[in-house]
Amino acid sequence: MMKSVPRLVVAAPSSGSGKTTVATGLMAAFAARGLAVSPHKVGPDYIDPGYHALATGRAGRNLDAYLCGPELVAPLFLHGARGCDLAVVEGVMGLYDGAAGEGELASTAHVAKLLRAPVVLVVDASSQSRSVAALVHGFASWDPQVRVGGVILNKVGSDRHEELLRQALDSAGVPVLGVLRRAPQVDTPSRHLGLVPVAERRTDAVDAVAAMAAQVGQGCDLEALLALARSAGGLSCAPWEAPVTAAGRREVVAVAGGPAFTFSYAEHTELLTAAGAEVVTFDPLRDEQLPSGTAGLVVGGGFPEVYAGELSANEPLRRAVAELALGGAPVAAECAGLLYLCRELDGAPMCGVLDATARMTERLTLGYRDAVAVGDSVLAVAGTRMRGHEFHRTVVEPGAGAAPAWGVRAPVRRVEGFVQQGVHASYLHTHWASEPGVARRFVERCRTS
């Protein structure tokens with residue numbers, strides 16, 4: 001049975017063109033009209049989906065053809081878009097930019113083709129006029145399987161500037177579906193790893209999303225965009241489902257949240273729940289104890305370096321985490337979670353579960369990774385292959401324990417991370433939907449540890 005969900009992919013020639021403003025603004029503008037809007041983001045980014053969720057009232061979900069494989073993109077999309085009137089997918093980088101050295105893999109264009117979705121190209125027109133036609137023509141004709149259905153011109157300076165741009169695009173054969181003037185009030189603050197997450201600036205984030213919705217609603221032809229979305233064909237695959245393996249009592253799995261730990265994929269909680277866990281979120285900045293009955297702990301990514309002092313000051317919780325880990329309970333930590341389990345971060349005492357120290361650096365470590373489990377752990381048996389993503393400006397010394405978590409290929413072959421007792425700690429962000437056995441194994445260990 002072909003499943004049809006009206007959908008648009010919001011792309012751009014390059015980063016910094018205004019994709020997030022336009023995509024988030026469209027989501028919020030359509031939601032304000034009473035439509036149920038499903039928000040999605042191409043690639044591994046955790047921060048933009050937070051703004052998408054604020055705009056739509058639904059979980060922002062990632063579509064990553066590298067982490068999950070091309071075959072899961074459409075099923076994960078349909079899973080997130082259940083019951084929705086419209087789906088808006090924000091792209092990543094430039095339209096045709098994919099995983100380094102892998103051709104189109106994981107690019108916005110690749111995902112658009114997998115979803116059979118029309119593309120709306122957001123163009124920063126601030127420093128061009130007639131040249132915009134050549135730019136749009138090039139992107140629209142580069143890959144015949146990518147349907148560029150319209151253009152939204154961003155950062156337009158004046159009525160005269162808009163007139164020149166429209167005249168130029170008359171010959172490109174791609175309709176102008178929106179024109180946005182320069183509007184600094186919709187800017188969102190950034191720092192060393194991109195936008196500041198919603199959880200850290202809730203009131204300001206609400207105001208920013210409202211401003212995006214107002215600007216996009218006034219500057220774009222929403223009816224034409226909705227008609228374009230409805231022109232998308234059906235998808236023949238079934239929606240993704242978290243495999244249900246629950247049996248017996250539900251084990252409490254504590255998941256770190258709050259401003260310091262904002263990075264997580266919605267499917268992880270769904271997989272843990274389907275495997276028999278009762279997922280309870282807590283805030284390491286404020287909660288002095290783990291949730292009652294905690295049998296396992298998941299500490300994902302985020303910005304502990306920004307909150308090192310406050311995390312360190314919460315000594316009762318640091319002690320509780322250490323006691324849980326040293327007692328053999330399953331603990332899964334990614335990136336920020338790895339830092340939190342170290343002895344110290346930038347000189348501030350952390351949980352002390354790992355005999356390692358962490359510190360900020362100027363160097364950005366970024367990229368997809370192919371990984372293999374070096375030994376058995378609470379997440380995987382030795383030899384399990386997964387794909388991950390690194391994105392941080394910190395370094396942990398040593399970079400691996402006596403029993404490393406992963407053997408990694410790219411950019412150089414190395415081992416990294418720590419496996420000790422029930423702890424699996426690593427810099428790699430992984431998407432568990434690609435290997436559902438990870439959640440099942442973790443919850444099983446919660447029952448037996």
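Guide: Start with helix 4, where Thr108, Ala109, His110, Val111, Ala112, Lys113 and Leu115 are buried. This is a predicted model: local features need pLDDT of at least 70, side-chain atom pairs count only at pLDDT 80 or more, and totals for chains, interfaces and linings use all residues. Residues are numbered from 1 along each chain as its sequence is written, and side-chain values use heavy atoms, with hydrogens and water left out.

Visitor: Which elements do the buried residues of helix 4 pack against?

Guide: Among them are strand 1 (7–11), strand 2 (37–42) and strand 5 (119–124). Contact means heavy atoms within 4.5 Å.

Visitor: Why is the pair of Tyr66 and Tyr368 called stacked?

Guide: Rings of Phe, Tyr and Trp (its six-membered ring) pair if their centres lie within 6.5 Å; planes under 30 degrees apart count as stacked, over 60 as edge-to-face and the rest as tilted. The centres of Tyr66 and Tyr368 are 4.3 Å apart and the planes are at 25°, so the pair is stacked. Tyr66 and Tyr368 are 302 residues apart in the chain, and both are buried.

Visitor: Why is the pair of Phe263 and Phe303 edge-to-face?

Guide: Their ring centres are 5.4 Å apart and the planes meet at 80°, so this pair is edge-to-face.

Visitor: What lies over the face of Tyr66?

Guide: Arg387 does, at 3.9 Å from the ring centre. A charge sits over a ring if NZ of Lys or CZ of Arg is within 6 Å of the ring centre and within 35 degrees of the ring normal.

Visitor: Why are helix 5 and helix 6 called oblique to each other?

Guide: Helix 5 (residues 131–141) and helix 6 (residues 159–169) pack at about 45°, with axes 8 Å apart. Angles under 35 degrees count as roughly parallel, over 145 as roughly antiparallel, 65 to 115 as roughly perpendicular and the rest as oblique. Therefore helix 5 and helix 6 are oblique.

Definitions and conventions
Helix = DSSP H or I, 4+ residues; strand = E, 2+ residues; numbered from the N terminus. Buried < 20%, exposed > 50% of the residue type's maximum accessible area, 1.4 Å probe, protein only. Axes fitted to C-alpha atoms, helices over the stretch in contact; angles between N-to-C directions.
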